[in-house]
Amino acid sequence: QVQLVESGGGSVQTGGSLILSCAASGYNFSSNCMGWLRQGSGKEREGGAAICTGADSSYYADSVKGRFTVSQDNAKNTLYLQMNSLKPEDTAMYYCAAEASRIWFTSGGWLGDFGYWGQGTQVTVSS
């Protein structure tokens, strides 16, 4: 049984940093794509950052490029999202997702056909 457990969310002020972690179990960590998607209140879910097939490729939404960095530690079966220079518009529930065989681009972002999802961790950025 695949389990994805996120941690590291919280409340920070504008300009602050957070590191999200996603511990995966029951899953071949280096297969296909894993990613972080987010959904703000009243907004549609959007892709934040994704990493595919052994870190050969990574994808970022335009809104987070240069501020967020996705990485994975295969030995620890953990996916990370380093978030710097946080803005109030980054406030959202952040979800770890795994097992996407396809990533497609949207206006300013991306989505994927992820098969597994975590429960989410809340990030709140205050001005």
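Which cysteine does a disulfide join to Cys 22? The partner is Cys 96, with an S to S distance of 2.0 Å. The model is predicted: local features need pLDDT of at least 70, side-chain atom pairs count only at pLDDT 80 or more, and totals for chains, interfaces and linings use all residues. Residues are numbered from 1 along each chain as its sequence is written, and side-chain values use heavy atoms, with hydrogens and water left out.

Two disulfides are present in the structure. A disulfide is taken as a pair of cysteine sulfur atoms within 2.5 Å. The torsion about the S-S bond of Cys 22 and Cys 96 is about -75°, so this disulfide is left-handed. The pair links distant parts of the chain. Cys 22 belongs to strand β3 (residues 18-25) and Cys 96 to strand β9, 74 residues apart. Strands (E, at least two residues) and helices (H or I, at least four) are DSSP runs, numbered from the N terminus. Both Cys 22 and Cys 96 are buried. Buried denotes under 20% relative accessible area, exposed over 50%, and partly exposed the range in between, with a 1.4 Å probe and protein chains only.

The other disulfide joins Cys 33 to Cys 52, with an S to S distance of 2.1 Å. The torsion about its S-S bond is about 110°, so the disulfide of Cys 33 and Cys 52 is right-handed. This pair also links distant parts of the chain. Cys 33 lies in strand β4 (residues 33-39) and Cys 52 in strand β5 (residues 46-52), 19 residues apart. Cys 33 and Cys 52 are both buried. With bonded cysteines counted along the chain, the disulfides follow the pattern 1-4, 2-3.

Strand β3, which carries Cys 22, is part of an open sheet of four strands. The strand order is β1-β3-β8-β7, and the pairing is antiparallel. Strands of a sheet pair through backbone hydrogen bonds, either parallel or antiparallel. Here two strands count as paired if DSSP finds at least two bridges between them. β1 and β7 (68-73) stand at the edges, each with a single partner strand, so one side of each has no neighbour in the sheet. Neighbouring strands are turned by 15° against each other on average, direction ignored. Axes are lines fitted to C-alpha atoms, for helices over the stretch in contact, and angles run from 0 to 180 degrees between N-to-C directions.

β3 pairs with strand β8 (residues 78-83) in the antiparallel sense over six bridges. Within this pairing, Cys 22 stands opposite Leu 79 in β8. Ile 19 stands opposite Gln 82 in β8. β1 and β3 are antiparallel as well, over five bridges. Val 5 stands opposite Ala 23 in β3.

Gln 1 is found in the segment before β1 (3-7). At 84% relative accessibility, Gln 1 counts as exposed. Residues up to four places away in sequence aside, Gln 1 touches Ser 25 and Gly 26. Contact requires heavy atoms within 4.5 Å. The C-alpha atoms of Gln 1 and Ser 25 are separated by 7.7 Å, although these residues are 24 residues apart along the chain.

Five aromatic pairs occur in the structure. Rings of Phe, Tyr and Trp (its six-membered ring) pair if their centres lie within 6.5 Å; planes under 30 degrees apart count as stacked, over 60 as edge-to-face and the rest as tilted. The ring centres of Tyr 95 and Trp 117 are 6.4 Å apart and the planes stand at 80°, so this pair is edge-to-face. Tyr 95 lies in strand β9 (residues 92-106) and Trp 117 in strand β10 (residues 109-117), so the pair ties together parts that are 22 residues apart in sequence. Tyr 95 counts as buried at 16% relative accessibility. Trp 117 counts as partly exposed at 32%.

Phe 114 and Trp 117 form another edge-to-face pair, at 5.9 Å centre to centre and 70° between the planes. Phe 114 is buried, with 9% relative accessibility. Ring pairs link Tyr 95, Trp 110, Phe 114 and Trp 117 into a cluster.

Arg 45 lies over the face of Tyr 95, at 4.3 Å from the ring centre. Arg 45 also lies over the face of Trp 117, at 4.5 Å from the ring centre. A charge sits over a ring if NZ of Lys or CZ of Arg is within 6 Å of the ring centre and within 35 degrees of the ring normal.
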